[in-house]
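Colleague: I have some labels to check on this model. Show me the structure and I will ask what stands behind each one.

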Amino acid sequence: DSITFTISYQDGDGDLGQNDPNVYNLFLIDNRINITYPYRIQQLAPDNANVAIEGNLSIILPNAGITDGSSSQSATYSIYVVDRAGHQSNTVTSPTITIHQ
């Protein structure tokens with residue numbers, strides 16, 4: 001099954017997101033096995049707008065499997081974003097999630 005994560009953001013200069021489909025700027029890390037899933041946030045404010053923006057982003061992990069051969073496993077995921085200037089956000093970690101077979 002999929003897992004949906006919702007995070008809140010505040011960006012003081014509005015340079016969060018990217019129009020280039022080849023650039024990833026949100027990263028979801030499976031802390032069990034240290035795998036990073038890259039995502040792209042679409043540009044949220046025009047170039048050079050320099051406006052404060054805030055809101056919520058929902059990130060869907062399409063599949064979450066068990067990595068240790070058991071019938072259920074606890075997991076946490078960490079998420080961070082990178083703005084167009086290359087600044088990395090704080091990293092937030094999900095509450096513990098139990099994945100069942």
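Colleague: Leaving aside neighbours within four places in sequence, which residues is Gln18 in contact with?

Modeller: One caution before that: this is a predicted model. Gln18 is in contact with Val23, Asn25, Arg40, Ile41, Gln42, Gln43 and Arg84. Contact here means heavy atoms within 4.5 Å. Gln18 itself is found in the loop between β1 and β2.

Colleague: How far apart are Gln18 and Gln43 in sequence and in space?

Modeller: They are 25 residues apart in sequence. C-alpha to C-alpha, they are 4.2 Å apart in space.

Colleague: Why does Asn34 count as exposed?

Modeller: Exposed means over 50% relative accessible area. Asn34 has 62% relative accessibility, so it counts as exposed. The place of Asn34 is in the loop between β2 and β3. Its phi is near 55°, a positive value in a residue other than glycine.

Colleague: And what makes Asn48 exposed?

Modeller: The cut-off is over 50%. Asn48 has a relative accessible area of 79%, so it is exposed. Asn48 is found in the loop between β3 and β4. Phi of Asn48 is near 60°, again positive in a residue other than glycine.

Colleague: Which strands form the open sheet, and in what order?

Modeller: The order is β3-β2-β6-β7, with antiparallel pairing. β3 (35-39) and β7 (92-93) each have a single partner strand, so they stand at the edges, one side of each without a neighbour in the sheet.

Colleague: How do you know that β2 and β3 pair?

Modeller: Pairing asks for at least two bridges. β2 (residues 26-30) and β3 have 5 bridges, in the antiparallel sense. Therefore they count as a pair. Asp30 stands opposite Ile35 in β3.

Colleague: Which residues of the largest nonpolar core touch the most other members?

Modeller: Of its 19 residues, those are Phe5, Leu26, Leu57, Ile59, Tyr77 and Ile79. Membership requires a buried residue, joined through side-chain atoms within 4.5 Å. Buried means under 20% relative accessible area. The elements that give two or more residues to this core are β1, β2, β4 (53-61) and β6. Beyond four places in sequence, Phe5 is in contact with residues including Leu28, Leu57, Tyr77 and Ile97.

Colleague: How much space lies in the largest pocket?

Modeller: About 330 Å³. Of the 17 residues that line this pocket, the closest to its centre are Tyr9, Gln10, Val81, Ser89 and Asn90. β1 gives the most to the lining, with 5 residues.

Colleague: How does that lining divide into nonpolar, polar and charged?

Modeller: The lining has 8 nonpolar, 6 polar and 3 charged residues.

Terms used. Residues are numbered from 1 along each chain as its sequence is written. This is a predicted model: local features need pLDDT of at least 70, side-chain atom pairs count only at pLDDT 80 or more; totals for chains, interfaces and linings use all residues. Side-chain values use heavy atoms; hydrogens and water are left out. On a 1 Å grid over the protein atoms alone, a cavity is a set of points where a 1.4 Å probe fits but cannot get out, and a pocket is an open set with protein on both sides within 12 Å along at least five of seven lines; lining residues have an atom within 4 Å of a point. Grid points are joined across faces, edges and corners, and a volume is the space filled by probe spheres set on the points. Helices (H or I, at least four residues) and strands (E, at least two) are DSSP runs, numbered from the N terminus. Ala, Val, Leu, Ile, Met, Phe, Trp, Tyr, Cys and Pro count as nonpolar, Asp, Glu, Lys and Arg as charged, and the others, Gly among them, as polar. Buried means under 20% relative accessible area, exposed over 50%, partly exposed in between (1.4 Å probe, protein chains only).
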